[in-house]
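Let's take a walk through this model, one spot at a time. Have the sequence and the 3D view open as you read.

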Amino acid sequence: MSEQQDSKNFVPRRVRRDGARYRGGVEDTEHPLHGDVNWLLNRVWLGFGQRKAVALEAVGVSIKEHFVLAALMSSPMPQLELSALVKIDKSVITATVDALEAKGLVVRTPDPRDRRVRRPTLTSQGRKVCRRATAAATAVEHGLLDLLEPSEREVFLSVLRYYTFTEFVDAPEFTRRNRK
C-alpha cells in the first residue's frame with residue numbers, strides 16, 4: 001500500500017512558499033480523537049470558516065450574510081423560502097437580513113402574491129458586494145483545496161456534496177445557539 005493509500009499514517013500535505021509539497025504535523029494516530037469523524041469534520045469546518053470569515057470581513061460581510069447575498073443573486077424570495085434554502089433558522093435569517101438592510105445591501109419589497117410577506121431583494125450595492133465576497137470566499141476555498149491533489153480534491157468535494165444533498169438534506173438549520 002502506498003503512503004497516499006495508507007490512511008492510518010496520513011498527514012495532510014502542505015504547500016511551501018516555493019510550491020513544493022511536504023507532510024507535517026502530528027501523526028493522526030497519536031491524537032486521541034484521530035478516529036472521531038465528527039471531531040475531524042468540526043475541525044475542518046472551523047478552520048475553513050475562520051479563514052473564510054477573515055476574507056469576508058475585509059469585504060464587510062459575515063459568512064451568513066454572504067450565504068444570504070449569494071442565494072438572493074438568483075432572485076428575490078420570501079424570507080421563509082430564503083431561510084429554508086440556506087438552512088438558517090427563521091429568527092437568525094431575520095437578524096441577518098436586518099443587518100444586510102442596515103448596510104444598504106438588501107431592501108425588503110412586498111410580495112406580489114401576499115402583501116403581508118416581504119421579499120428581501122439585493123440592491124445594486126448588494127450585488128457588487130456579493131460578487132466581491134464570493135471572489136474572496138472562493139480564493140480562500142481554492143487555497144485550502146489546492147493543498148490536496150486534484151483527485152483527492154474531487155473525492156473530498158464529492159463526499160461533502162453526497163452527505164449535504166442526500167443523507168443530511170434535512171439536517172437542522174443554523175440556530176442562535178449554533179451561531180459563531
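Leaving aside neighbours within four places in sequence, which residues is Leu 145 in contact with? Bear in mind that this is a predicted model. The residues in contact with Leu 145 are Phe 48, Arg 153, Phe 156 and Leu 157. Leu 145 itself sits in helix 5, and Phe 48 is 97 residues away from Leu 145 in sequence, yet their C-alpha atoms are 10.0 Å apart in space. With a relative accessible area of 10%, Leu 145 falls under the 20% cut-off, so it counts as buried.

The crossing is right-handed. On the helix 2 side, the contact is made by Phe 67, Val 68, Ala 71 and Leu 72, while helix 3 brings Leu 82, Leu 85 and Val 86. Sort these residues by type and you get 7 nonpolar, no polar and no charged.

Some of those names come back in the largest nonpolar core, which has 26 residues. Those touching the most other members are Val 61, Val 68, Leu 69, Leu 72, Leu 82, Ile 93 and Val 106. Helices 1, 2, 3, 4 and 5 each supply at least two residues of this core, and helix 5 gives the most, with 7 residues.

Finally, click on Ile 93. Not counting residues up to four places away in sequence, Ile 93 touches Val 68, Gln 79, Leu 82, Ser 83, Val 86 and Ile 88.

Methods
Residues are numbered from 1 along each chain as its sequence is written. This is a predicted model: local features need pLDDT of at least 70, side-chain atom pairs count only at pLDDT 80 or more; totals for chains, interfaces and linings use all residues. Side-chain values use heavy atoms; hydrogens and water are left out. A crossing is left-handed if the near helix is turned anticlockwise from the far one by less than a right angle, and right-handed if clockwise. Helices (H or I, at least four residues) and strands (E, at least two) are DSSP runs, numbered from the N terminus. Contact means heavy atoms within 4.5 Å. Ala, Val, Leu, Ile, Met, Phe, Trp, Tyr, Cys and Pro count as nonpolar, Asp, Glu, Lys and Arg as charged, and the others, Gly among them, as polar. A nonpolar core is a set of buried Ala, Val, Leu, Ile, Met, Phe, Trp, Tyr and Cys residues joined through side-chain atoms within 4.5 Å. Buried means under 20% relative accessible area, exposed over 50%, partly exposed in between (1.4 Å probe, protein chains only).
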